[in-house]
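Let's go through this one together and ask what stands behind each label. Have a look at the structure first.

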Amino acid sequence: MQLLRSYRLLVTWQALRKKNYLPLMMAVQTLFSLGIVLGYPLLFPTLDRTSIYLIATGAPAISMVSVGLVALPQTIGEQKAEGSLAYMRSLPVPRLAYLVADLTVWMAIVIPGVVLGVLVGAWRFGLELQVSPLVVPAVLMVALTATCVGYAIASILPYMLTVVITQAIVVFVFMFSPLTFLPDKLPAWFEAIHSVLPIQAMGEVTRGTIAPNEFGLPLGAFLTLAVWCFLGFGVTYAAMSRRG
Amino acid sequence: MLLQIEELTKVYRTGVRANDGISLAIGEGEVFGLLGHNGAGKTTLVNQVVGLLKPTSGSIRIDGRDMVADPGLARRLCSFQAQAQVPIDGLTPRQAIDLLGQLRGTARTEVERRRERLIDALDLGAWQDEDAARLSGGVKRLVAFAMAAVAPGRVVMLDEPTNDVDPVRRRLLWRQVRTLADHGAAVLLVTHNVIEAERSVDRLAILDEGRVIAEGTPAGLKGRLGAALRLELVLDPDASEIPASPFGLSAVPVGNRVMVGVPMDAAGQAVAWAESLKHAGSVEEFTLGPATLEDVYVALVGGAEARPAQVEEVFDATAA
Ligand SMILES: Nc1ncnc2c1ncn2[C@@H]1O[C@H](COP(=O)(O)OP(=O)(O)OP(=O)(O)O)[C@@H](O)[C@H]1O
Ligand SMILES: [Mg+2]
């Protein structure tokens, strides 16, 4: 009961804190998606059917990854550096309630960008997507994994390092991650790296449920996400509970 | 005593010994001031009590219960105003205070009643529905205080609550601090404002490089100084040396001033001495007045030579 009550109040608090920031966030994500679906065809004037679907479904995946693994750790790192995270940690609430409440609000920031990304892609390429009902748990799973891993990065690293790492992640995600192309385009050793990182699985789960007629839905990807999600949450929870 | 701190030592991972064997006890209904130079270890002490930092050694007990072993309980028993600003941008003061009250487990209607009273008492009505992102630093700090006071724990820890606050509202704030104690809380308050602390706290401790160098009531500490009066000399900028005090009491240089302790029965003699210095040109002007807690503080923590920047700051009563 105490947990639920704390959760509700903390969601209110965190949502209010971010309310001025939400429209900006949505605008940036829409621009991201627009940039991808409008930009890639300029780079590659002749796109086959698979590539078109990859780009259209890659945009929402990139949008989730960039909020979860870039915007989120930067924000949390900032809160850590300025001491506001310490204040929140001093509240008489279960740490679990705080963490789950904050993740809820971050998920709420991620999701509109995903919907916008899908719409922008379908509009640009005139696609009629046969979206699977599994898209809801799939997108939630991807968003949760991205936010948990992002949170863990900010929790364990000093702020300056978080900034550097997230900048590296931006380049890595946009250029070298199989979100808008298939992993077999990568050299074998790089493919092997991606098979254990969560980013490829995020792409697979996203496109497998947004365009199920075009792509398969590998169960292994769900497993990879589950492991990373659990890991990210665990590390964050431990860091949250630690006293300096 | 409700809050009992014994031999508390905190060594940061960097090797800084921020608290070095601090023992303090604060009772119900008591307002306890914690003074000390920048970096003396005040915030470190507060953060250990509220369960944000783990002591290297020593114990913290509230009502006999071990807070080091149970930081979750510490967070429930202590309400806390941090030295850093509160993260309430996007919230209005009204929302922020209500949320904190409810998070501390008080029923909503009761929280609203208390919030109204606090907003009135601190004269914050004009801002209560304003986004905190647009509030001035002082108003935000008062809101942070109200958040700590709306549903107070048995122990209330306030880390520099008067910073940035205007003189009129500082008085209102001190009154609310007293109200908290009157309702049975043990209040520990960190401040650099020695003059206000003298008027408002029951007891205080002065921290210096992680150790308690003095503790007692304001009157008791002044008594220990041995000087009932203070002669303040403003030195001539060209004067080459500091005049030696004929009273055998403390004479502490602070910037271009010297604070000289004077016994009560030597008032006339002190004025005559100062007049002669002024006549000789080494002193520009002087004032003789009752000794204050500030004199105790300066005498203990040392003069300008020891730590110029810090002492200057302490002397500037309105400094942020
Ligand atoms: N997280 C930390 N890691 C390492 N050293 C720290 C940390 N926080 C504080 N210190 C050091 O511990 C000492 C005490 O710092 P603290 O913040 O407790 O001082 P303070 O008395 O609150 O000072 P102020 O009046 O400026 O707020 C300082 O030397 C400071 O540099
Ligand atoms: Mg401090």
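Q: What makes B:Lys42 a polar contact of ligand 1?

A: A polar side-chain atom of B:Lys42 lies 2.7 Å from an oxygen atom of ligand 1. A polar contact is a pair of N or O atoms within 3.5 Å (within protein, one must be able to donate a hydrogen and the other to accept it, and residues adjacent in sequence count only if both atoms are side-chain atoms), so the pair qualifies. This is a predicted model, in which local features need pLDDT of at least 70, side-chain atom pairs count only at pLDDT 80 or more, and totals for chains, interfaces and linings use all residues. Side-chain values use heavy atoms, without hydrogens and water.

Q: Which distance puts B:His192 in polar contact with ligand 1?

A: An N or O atom in the side chain of B:His192 is 3.0 Å from an oxygen atom of ligand 1. For B:Asn38, the distance from a polar side-chain atom to a ligand oxygen is 2.9 Å.

Q: Why is helix 10 of chain B called largely enclosed?

A: Seven of its nine residues (293-301) are buried, so the rest of the structure largely encloses helix 10 of chain B. Buried means under 20% relative accessible area (1.4 Å probe, protein chains only). Among the buried residues are B:Leu293, B:Tyr297 and B:Val301.

Q: How many residues does each chain give to the contact between chain A and chain B?

A: Chain A gives 24 residues and chain B gives 30, where contact means heavy atoms within 4.5 Å. Between the two chains, eleven residue pairs are in polar contact, both at pLDDT 80 or more.

Conventions
Residues numbered from 1 in each chain as written. Chains lettered and ligands numbered in written order. Buried < 20%, exposed > 50% of the residue type's maximum accessible area, 1.4 Å probe, protein only. Helix = DSSP H or I, 4+ residues; strand = E, 2+ residues; numbered from the N terminus.
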